[in-house]
Amino acid sequence: MRKTQKILLLPFFALVLTCTSCSKFLDVKPDAYVVSTENYYKNAEQLDIALRGVYAILAETYTYGNSMQGRMGLEADEGFMHFPTDNGTMSYYVVNTTDDKLLNHWRAIYRGVSRANLLLKSIDNSAIDIDETKRAQIKGQALFLRGYYFFMLVSRFGGVPLVLDPPISSENEVIQLPRSSAREVYAQILLDMERAADLVPDITAAGSSGRISKSTVWGILARVNLYMAGNPLNETSRYDEAAKWAKKVIDLGYHQLNSSYGQVFINYAEDKYDLKESIFEVEFWGNGTGVYNTTGGAVGILNGIAYSATGTANWGFSQGIVRPHPWLYRLYDTDDLRRDWAISAYRYTDNGKVDFTSANLIIERFCGKYRREYEKVQPKTNTQTPINFPLLRYSDVLLMYAEAINEVEKNPNNAYKYINQVRRRAKGVDINSVGATAADLNGMDYLSFKNEIRNERARELCFESLRKNDLVRWGIFYDSMKARLTEAPSGTNTLYVSMTNYYRNATQRDVIWPIPAYEIGVNPKLIQNEGW
């Protein structure tokens with residue numbers, strides 16, 4: 001269905017805009033509110049504005065709004081960065097404690113934690129005039145988001161300061177706490193998210209994949225437990241918990257795969273919710289123009305099909321910095337419909353689309369999931385797009401359950417049903433077909449199925465900022481990166497150099513990022529990660 005209201009992405013302690021429901025996307029007549037600390041948190045509207053400020057961190061420049069769309073190495077072995085101006089930075093696995101993307105990523109996420117803490121500190125105040133169901137739902141969303149932000153931190157930095165109190169002066173105040181262990185941070189994440197699961201609405205009541213629902217919480221809890229089951233914690237008992245939470249999403253009976261893989265990503269570009277497939281997504285809206293400054297992102301501008309700013313065909317400008325590795329391309333069967341969606345089969349020109357041919361190297365292609373040609377908002381600007389970014393899709397839930405149950409039972413017999421739904425869609429087979437189909441897996445042992453799950457996650461979820469964390473938790477990050485290096489072409493072509501540098505620069509220590517040097521400088525209680 002067409003979205004009727006977007007979560008606005010706005011400054012927290014400044015001018016805040018709210019938008020009323022509208023039948024047309026551009027028919028927005030927002031009212032302005034100036035919110036001060038003296039009159040804050042007195043009614044439901046103010047609490048909701050505060051909650052929007054917590055959500056807003058997801059769409060900031062140094063999170064999913066820009067940096068995480070190809071400029072932080074999260075694609076790992078499935079693709080590489082070709083953006084020469086970023087050479088010598090973490091984009092190319094030259095990770096430096098003074099890299100601005102690293103520091104600003106850390107600080108943005110802690111702003112989200114601070115905003116959540118401030119809201120959670122106030123939410124139970126009985127003097128606030130608010131319906132109790134609404135109060136509980138706001139509290140649940142704030143708890144989940146705090147847990148999600150800590151999850152983003154611990155899975156990439158290891159143990160971090162566990163800040164659970166609101167800021168005294170401002171959301172940017174310097175943290176003066178030592179690092180908690182990774183296990184302690186994960187324990188807090190589980191506590192926050194499990195509490196949230198009882199408070200947030202189901203997804204049909206939430207009405208938006210940009211709002212947190214029970215399905216969101218259950219699905220992300222499955223992911224959190226999978227990470228805990230793998231490296232570095234290796235708490236293998238967590239596979240049981242991962243299976244439990246994923247199965248709750250499945251047993252809800254509401255979610256199902258969109259019959260078209262490509263339509264999933266067209267929906268993100270066309271500003272349409274698909275609640276059954278897309279469970280949680282980062283919302284962007286508008287193109288950055290107009291009377292009211294809208295907040296788009298860089299989805300499609302960084303990781304789309306390249307097209308020049310001077311082009312005239314209205315494809316939408318894209319730098320096309322994310323390039324696929326030939327290994328990923330070969331991973332698909334020739335009849336896998338996902339291949340030419342994940343990896344573009346054509347490029348844009350002013351005269352139309354031109355297909356890539358066998359004369360072109362696979363690395364000349366682009367990430368094809370985020371295609372600006374489908375955007376409805378006009379004009380297509382060079383700075384912002386309204387394309388939403390997926391954080392949790394139902395196919396991921398199915399694959400997580402299949403992986404977890406194979407690990408628990410050391411046998412894939414009870415996992416085939418779930419991975420085969422994903423494979424059937426990929427091969428154009430009716431997902432609900434009775435009996436075995438040509439797309440189905442069967443007759444595998446524990447280890448061969450384990451390897452197939454790893455490959456299937458690459459086919460299905462590539463370029464969704466999940467791959468590096470998967471490789472890390474499986475304990476194969478370094479070996480996978482070096483295996484991909486062997487296919488880098490030799491020569492001085494800048495594309496070849498980018499591929500070589502990206503995979504050659506990756507080291508054993510890159511399984512985890514360093515604590516930013518600035519943070520260690522202002523907080524003497526912090527200790528740097530080993531090797532950095």
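The following legends describe close-up views of a predicted model.

**View 1. The largest nonpolar core and the surroundings of L58.** The largest nonpolar core comprises 150 residues, of which L58, F144, Y148 and Y149 touch the most other members. Helix α3 (residues 132-157) supplies the largest share of this core, with 13 residues. Another core, of seven residues, lies apart from it and includes W315, Y346, F356 and F366. When neighbours within four places in sequence are set aside, the contacts of L58 are T63, Y64, G65, L145, Y148, Y149, F280, V282 and L391.

**View 2. Packing of helix α4 against helix α6.** Helix α4 (residues 182-197) packs with helix α6 (residues 214-229) at an angle of about 160°, and their axes are 9 Å apart. Because angles over 145 degrees count as roughly antiparallel, α4 is roughly antiparallel to α6. The two helices form a left-handed crossing. On the α4 side the contact is made by Y186, I189, L190, M193, E194, A196 and A197; on the α6 side it is made by K214, V217, W218, I220, L221, V224, N225, Y227 and M228. Classified by type, the contact of α4 with α6 contains 13 nonpolar, one polar and two charged residues.

**View 3. Packing of helix α15 against helix α16.** An angle of about 150° and a distance of 8 Å between axes describe the packing of helix α15 (residues 477-485) and helix α16 (residues 494-505). The two helices are therefore roughly antiparallel to each other. The crossing of α15 with α16 is left-handed. M481, K482, R484 and L485 of α15 meet M499, T500, Y502, Y503, R504 and N505 of α16. Five nonpolar, two polar and three charged residues make up the contact of α15 with α16.

View 4. Most peptide bonds are trans. P379 is located in the loop between β7 (352-355) and β8 (389-393).

**View 5. Positive phi at N314 and F463.** Most residues other than glycine have a negative phi. N314 has a phi near 65° and is placed in the loop between β4 (278-282) and β5 (322-324). With 40% relative accessibility, N314 counts as partly exposed. F463 also has a phi near 65°; F463 lies in the loop between α13 (446-461) and α14 (467-474). F463 is buried, its relative accessible area being 3%.

Key:
Residues are numbered from 1 along each chain as its sequence is written. This is a predicted model: local features need pLDDT of at least 70, side-chain atom pairs count only at pLDDT 80 or more; totals for chains, interfaces and linings use all residues. Side-chain values use heavy atoms; hydrogens and water are left out. A nonpolar core is a set of buried Ala, Val, Leu, Ile, Met, Phe, Trp, Tyr and Cys residues joined through side-chain atoms within 4.5 Å. Buried means under 20% relative accessible area, exposed over 50%, partly exposed in between (1.4 Å probe, protein chains only). Helices (H or I, at least four residues) and strands (E, at least two) are DSSP runs, numbered from the N terminus. Contact means heavy atoms within 4.5 Å. Axes are lines fitted to C-alpha atoms, for helices over the stretch in contact, and angles run from 0 to 180 degrees between N-to-C directions. Angles under 35 degrees count as roughly parallel, over 145 as roughly antiparallel, 65 to 115 as roughly perpendicular and the rest as oblique. A crossing is left-handed if the near helix is turned anticlockwise from the far one by less than a right angle, and right-handed if clockwise. Ala, Val, Leu, Ile, Met, Phe, Trp, Tyr, Cys and Pro count as nonpolar, Asp, Glu, Lys and Arg as charged, and the others, Gly among them, as polar.
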